[in-house]
Amino acid sequence: MGPAVGLLPSLPPPLFLPPPPGAMSAAGRAREPEAEMPATEKDLADDAPWKRIQQNTFTRWCNEHLKCVQKRVGNLQTDLGDGLRLIALLEVLSQKKLGRRYNARPTFRQMQLENVSVALDFLERENIKLVSTDSKAIVDGNLKLILAWCGSLSCTSPTLTPLPPL
């Protein structure tokens, strides 16, 4: 006798179901609901509120000290990278000259690294400890390390003055 007509063997359920309409991004990847983002990822995101608050606070702090030498920081992440405003800030805070020559027009990356190294060497000579801060991080604009650096510097600065009200 042959097989029964109309009886098909049962198939296992599919392993992958396509996403519902509208659930795909323009790049063809499934979108992640933002509400399900873990808390640690939210804290590390580029637009985390604490980063914006600290960046604004330390930018104002730097500008308050730099105004006496007619310099200004517009973007903390990029403006300290050439080392010139960094050196000026340290000279204002310490009321000393750094004592080492630096590049007044740092056009190349190596010149920027040297300028930032001059500033960090000065801090080391003044016995101000900054953990995990190197010239490459500042030149590359690593915002978390720059914020940590500014926080450490603002706490150890002997000439720290309060910020004016907004």
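1. The sulfur of C62 lies 4.4 Å from the closest cysteine sulfur, that of C150, which is too far for a bond, given that a disulfide is counted when two cysteine sulfur atoms are within 2.5 Å. The structure accordingly holds zero disulfides. C62 is also buried, with a relative accessible area of 0%, where buried means under 20% relative accessible area with a 1.4 Å probe and protein chains only.

2. This is a predicted model, in which local features need pLDDT of at least 70 and side-chain atom pairs count only at pLDDT 80 or more, while totals for chains, interfaces and linings use all residues. Residues are numbered from 1 along each chain as its sequence is written, and side-chain values use heavy atoms, with hydrogens and water left out.

3. Helix 5 covers residues 109-125, and because its 17 residues at 1.5 Å a residue should span 24 Å, the 24 Å between its end C-alpha atoms agrees; the expected span is 1.5 Å times one less than the number of residues. Helices here are DSSP runs (H or I, at least four residues) numbered from the N terminus.

4. The buried residues of helix 5, among them L113, V116, L120 and L123, pack against helix 4 (84-94), helix 6 (135-139) and helix 7 (143-156), with contact meaning heavy atoms within 4.5 Å.

5. Just after helix 5, N127 takes a positive phi of about 60°.

Terms used:
Helix = DSSP H or I, 4+ residues; strand = E, 2+ residues; numbered from the N terminus. Buried < 20%, exposed > 50% of the residue type's maximum accessible area, 1.4 Å probe, protein only.
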